[in-house]
Amino acid sequence: MRTTSRGLLLTLALTPLLAGCFVSGTDGSGSGAEGGSAGRLRVALARPPVQALSPYSDDATLLGKLSVVEGLTALDKNGAAAPALAKSWKQTNSTTWTFELRKATFQDGTPVTAESVVDALDHAEAATPKPRVLSDVTLTAKADDADTVTISTKDADPVLPLRLASPVLAILSAKAYAKDGTVSPIGTGTGPFKVTKLTGKSKATLDRYDGYWGGKAKAPGIDVTWIADGTARAGALRSGDVDIAEWIPTSQAKLLDAKTRHEVPSVRTDSLILNTGNGIFTDPALRAAAREAVDGSALVDSIFSGYADPAQGLFGPAVPWAADKRVKATGRAKAATPAQVRSRTKGKVLRLAAFTNRAELPEVASVLQQQLEQAGFTVKQDVREYTQMEADLLAGKYDALVMSRVVLLDTGDAVAYLASDYRSNGVYNIARLKDPEVDRAVKSAAEEGDVTKRHQKIMAAEAQILRTDAVVPLVHEKVVQGIATHVEGVLLDPRERSLIDVDTHLK
C-alpha cells in the first residue's frame with residue numbers, strides 16, 4: 001500500500017485545545033503576553049537527559065517533543081503512519097519496504113540522502129544496549145539510489161512504518177556518530193529546531209533551523225529548563241518564569257488558573273512491577289499475594305485528585321480498541337496468606353522503588369507500602385530521580401517498582417511495548433519475566449498484519465502477562481499540561497511524544 005505524498009502530520013493534538021493559557025501572578029489571575037526574549041518559548045520539562053540527549057536512550061522522547069529530530073515517518077493524530085523524511089512508501093513483500101525520500105537538509109547544511117538514512121539506521125541497529133523500539137525486530141537498510149531506501153526485516157513486521165516514526169530511529173547527519181559509539185543530535189537533526197547548547201542536566205538552548213523542509217518555525221527558539229520537582233514546575237508557570245510546563249502534578253493542577261490547565265487523555269498506565277527473576281517475587285504465590293493486596297482504585301481520588309481511572313489492565317480508556325477485546329487472565333497462582341507471606345519471606349525486606357520525576361509516584365509507593373505490609377510483607381522504599389536508578393532497575397536490584405509507562409510511546413503500536421517490557425529477551429524487561437507462553441503470545445501478535453486480529457492478539461498477550469502477576473496495573477493517568485495564555489499551538493498529545501512544532505509560538 002502506498003501513502004499519498006503530503007506534508008508531515010505532526011498534529012497529535014486535540015485541535016480545540018491547542019490554544020493554551022497563562023497567568024502572570026502567583027494567584028493565577030494575571031494576563032498579558034510576557035514570554036521569553038524576542039518571542040522565544042520558555043519550557044519546563046520534567047525528566048532531565050539521561051545520556052546527553054542520545055537518541056538511543058529515553059532522551060529520544062525529549063528530542064521528539066522539541067521537534068529536533070525526525071524519522072522517515074511520523075504519527076498522525078489518529079496514530080497512523082504519515083510522511084516525514086520519506087514522502088511515500090510501498091510494501092513489496094512481507095519483509096521488504098521501499099521508501100522515497102523528500103528533499104531535505106540536516107541542520108549542519110548537508111543533504112539528506114539514501115546513504116545517510118542507511119547510515120543512521122545501521123547505527124541504531126548496532127547500538128548497545130539495543131533500543132526498545134528494535135527489541136523485537138532486526139532491520140537491514142539499503143540505498144537503491146540517491147532518494148530511495150529499501151528496508152528489510154528478518155521476520156514480517158506489519159507495522160514497520162509506525163516503528164520508523166520513533167525518535168529513536170531519527171535520521172541524523174554523519175557528524176552525529178562518533179567513533180566511540182556515542183551519538184549527538186546537537187546540530188545534526190532535521191527538525192525545525194536545532195540544539196545549540198546543552199548545559200548538563202539542567203538547561204538546553206534551541207534555535208530555529210531556517211532550512212527546515214516544512215517551513216520556518218513561528219518561534220525563533222526554545223529555552224528549556226529541566227525541573228524534576230512537579231510543584232516547582234507548576235510554580236514556574238504561575239510566576240511567569242516559563243510559558244509551558246509539562247506534567248503538572250495533580251495536587252497542583254487545581255491551583256492553576258483553569259485557563260492554563262489542560263487535561264489530556266493519556267496512554268500512560270501506572271503499575272506495580274514485580275521482579276520475577278530474583279528475590280522474593282520469584283515465588284508466584286507471593287506475587288499473587290501482592291496483587292491481591294494492592295488496590296489501585298484507592299489512589300484515584302486520594303492521590304490523583306480524579307485525574308486518573310482505575311486500571312482495567314495494561315491498556316486504558318485512551319486506547320479505545322482495548323476495552324471490548326479484553327481477555328480475562330486465567331491460571332493465576334493462588335495468593336499466599338499473610339501468615340504464609342511472613343513464613344516464606346523469612347524476614348527478607350521487599351525493596352520497593354519509585355522515582356520522583358512524577359510527583360504522584362512517591363505518594364503511591366507510600367500507600368502501596370501500607371497495603372503490602374498488611375499482606376505480611378516487610379517493605380523498605382527507595383525513592384530517587386529516575387536517571388539515578390535506571391541501571392539498578394534493569395539489573396534486578398529491586399523487588400518491585402512503582403512504574404509510570406506510556407504504553408504506546410515507542411512505536412504507537414502496543415506490541416513493541418509488550419515485547420520490550422515482558423518478553424524474555426526484552427530490553428526493558430524490569431520484571432525480568434521469562435515465560436514461554438508470554439513470548440509466544442507476543443510473537444503471534446507481532447506477526448499479525450490484520451489490524452483487528454492484531455488488536456485481539458495484543459489483548460490475548462496482555463492476559464498472558466497478567467496471568468504471571470509480573471505486573472499489577474494500578475491506574476490509567478490523565479496528564480495535565482500547563483500552558484500560558486500567550487502561547488498558541490502547543491500539541492496536546494495522548495502519546496506524550498509531541499509538544500512543540502513549527503506552529504507553536506507566543507501571541
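How are α6 and α8 oriented to each other?

Reply: This is a predicted model, in which local features need pLDDT of at least 70 and side-chain atom pairs count only at pLDDT 80 or more, while totals for chains, interfaces and linings use all residues. Residues are numbered from 1 along each chain as its sequence is written, and side-chain values use heavy atoms, with hydrogens and water left out.

Two packed helices are described by the angle between their axes and the distance between the axes. Helix α6 covers residues 284-293 and helix α8 residues 338-345, and the two pack at about 135° with their axes 10 Å apart. Helices here are DSSP runs of H or I with at least four residues, and strands are runs of E with at least two, numbered from the N terminus; axes are lines fitted to C-alpha atoms, for helices over the stretch in contact, and angles run from 0 to 180 degrees between N-to-C directions. α6 and α8 are therefore oblique to each other, given that angles under 35 degrees count as roughly parallel, over 145 as roughly antiparallel, 65 to 115 as roughly perpendicular and the rest as oblique.

The crossing of α6 and α8 is left-handed, a term used if the near helix is turned anticlockwise from the far one by less than a right angle, with right-handed used if clockwise. On the α6 side the contact is made by Ala285, Leu286 and Ala289, and on the α8 side by Val341, Arg344 and Thr345, where contact means heavy atoms within 4.5 Å. By class, these residues of α6 and α8 divide into four nonpolar, one polar and one charged; Ala, Val, Leu, Ile, Met, Phe, Trp, Tyr, Cys and Pro count as nonpolar, Asp, Glu, Lys and Arg as charged, and the others, Gly among them, as polar.

For another pair, helix α11 (residues 414-422) and helix α13 (residues 451-468) pack at about 25°, with their axes 10 Å apart, and they are therefore roughly parallel to each other. α11 passes α13 in a left-handed crossing. That contact joins Ala414, Val415, Leu418 and Tyr422 of α11 to Arg454, Ile458, Ala461 and Ile465 of α13, with seven nonpolar, no polar and one charged residues.

As to confidence, the protein chain averages a pLDDT of 91, and 93% of the residues score at least 70, pLDDT being the predictor's confidence in each residue, from 0 to 100. Over residues 1-33, however, pLDDT stays under 50. Where pLDDT is low, the predicted coordinates should not be read in detail.
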